[in-house]
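Work through each task before reading its solution.

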Amino acid sequence: PVKKISRRDRIRFNNTMLRAPLPQLALLGILATSRFGVVSASGNLLRRSLGSSEDANPVKQEVPSSLEDEPPLELPEEGSLIAMQFSPDPYATRDHLEMILNGELFLSGIRYGPFSFRNDDVTTSNDDWRSDAYDVDGDFCVFDPSLNKSDPAKYPTVQDVAGESLHCGEHRYTMPLAEVARAVRKHDASSKSNLVKSLPVSGLLFHEGYSGAGLLSNALTTFDSTLVISEHDALTEALAACDTLKNRYQVDNCSSVKQQQLVRDIVTLLSRTSETHMENVRNVDKLYLKLQGTSAAYLPTLRSLYLSAPWLFVYRNAEHALAKHMDSERSKACIETRINPSSALSSKCEENEVDLETLSHHEVCALHLASLLGVAFHEHEESHTGMLLSYDEHVKGNVDGFVDIILPYLGLQNEIDADPAAVRERVEGILSVRSNTSTRLNPEDHVWNGETIEVSEEVENAVKVFMSQEMESIARSRM
């Protein structure tokens, strides 16, 4: 049995599929191609399934008005082959907004379009909130964000946590994020229940990537009083939204006010805990956000929204950092900055009088890392805030540095004083294993035995040209 839908609805269907899990994407793409000849949808699906970056940005397709009256296409109903591949949704008949308010549904991602942040003189602030402040959809599903407390190295990021949820793998609900945020604020302001509470942002963890920041977030996770949200896609995408729209659609009309409101709303949703639907959060009263490496480009923006939160930036030996980024399994994100550079990277190109299109992969990544180092250094120098941490000096195997300097700086002195021996033991345990064991099935592979990093001539040359100045500036600031 089939039902007819308009082409406009088919494009919306395509937008939904862009956020579906990979098995569902592949199946939908095959069926759509063979049965309906949906070229654009199947192309997007197959590119996503094969890991192509062309459609990796969370951007909704615009629906041309000329398609409004085109003949309808046919798509399968609930009893079809597609529906049979997945388990029934146990929450299908529930009020999904109510589930969000009660702390059952959590944000898993966002989607936006070329004009989601159009500057149309709509004012927005915490006191004067407008539902039309931005046009962004949020994806929600059922998972426990505190699962990482059970094994920080096994669940080092939110993606690893949500990956344990069958509901997130097969069923997600898309809702206008601005409306959800408004409902959440109204609910939390009037609620007398202590079962759902919002945590203050107590620390921001930035890094250049593959520099040991995961060890810090894992150590933070071991405290009863902390909830660590690590590398959430929604926050990453929100911070980079205006740059993404400029790079992908040549759209300059992107309101920073609306974008920052989106960031605040996302953090509000990430800060909520529910004792009923989350384990190990009864004593939690602090939220820590660990950002993805590329998000360090937006450190000043996020810090300006949470001025009272201490922040740190983790870096390492420049040659080692670039060599790890150029590893074949890791280089994609770094190389993609060529086509989607941050404003900081674009400024660094102008400063060095270079064009990203003319640079080698090693040079692009070196310039990208230099832009992150530069942002962190200048924010540290100009605001007299933050902590710049060298992996080799302050993080690697440095139990004393964690317990005596880093963790107290992040507001955990009282917890340390309550049981210093237990804290030291937990930190030693974190530093004795890899920061990410999620893909290592053999327990013996979890143990950290050091690493050997091969530095090629290409890495040496790229570092010398593009990263040496920033590393020297940081070194001088610490003298």
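**Exercise 1: the sheet**

Task: describe the open sheet of three strands and what packs on it.

Solution. The strand order is E3-E4-E5, and the pairing is antiparallel. Strands here are DSSP runs (E, at least two residues), as helices are (H or I, at least four), numbered from the N terminus; two strands pair if DSSP finds at least two bridges between them. The edge strands, each pairing on one side only, are E3 (106-112) and E5 (173-176). On average, neighbouring strands of this sheet are turned by 30 degrees against each other, direction ignored.

The model is predicted: local features need pLDDT of at least 70, side-chain atom pairs count only at pLDDT 80 or more, and totals for chains, interfaces and linings use all residues. Residues are numbered from 1 along each chain as its sequence is written, and side-chain values use heavy atoms, with hydrogens and water left out.

Next, take E4 (residues 136-141): its antiparallel pairing with E5 runs over four bridges. Phe140 has Tyr173 in E5 as its bridge partner. Helix H12 (residues 256-270) packs on the sheet and touches E3 and E4 (contact: heavy atoms within 4.5 Å).

**Exercise 2: two helices**

Task: at what angle do the axes of helix H16 (residues 343-352) and helix H17 (residues 361-383) cross?

Solution. The axes cross at roughly 105 degrees and come within 9 Å. Axes are lines fitted to C-alpha atoms, for helices over the stretch in contact, with angles from 0 to 180 degrees between N-to-C directions. H16 is therefore roughly perpendicular to H17 (65 to 115 degrees). Residues of H16 in the contact include Leu345 and Cys349, and those of H17 include Leu367 and Val375.

Notes: Parallel < 35°, antiparallel > 145°, perpendicular 65-115°, else oblique.
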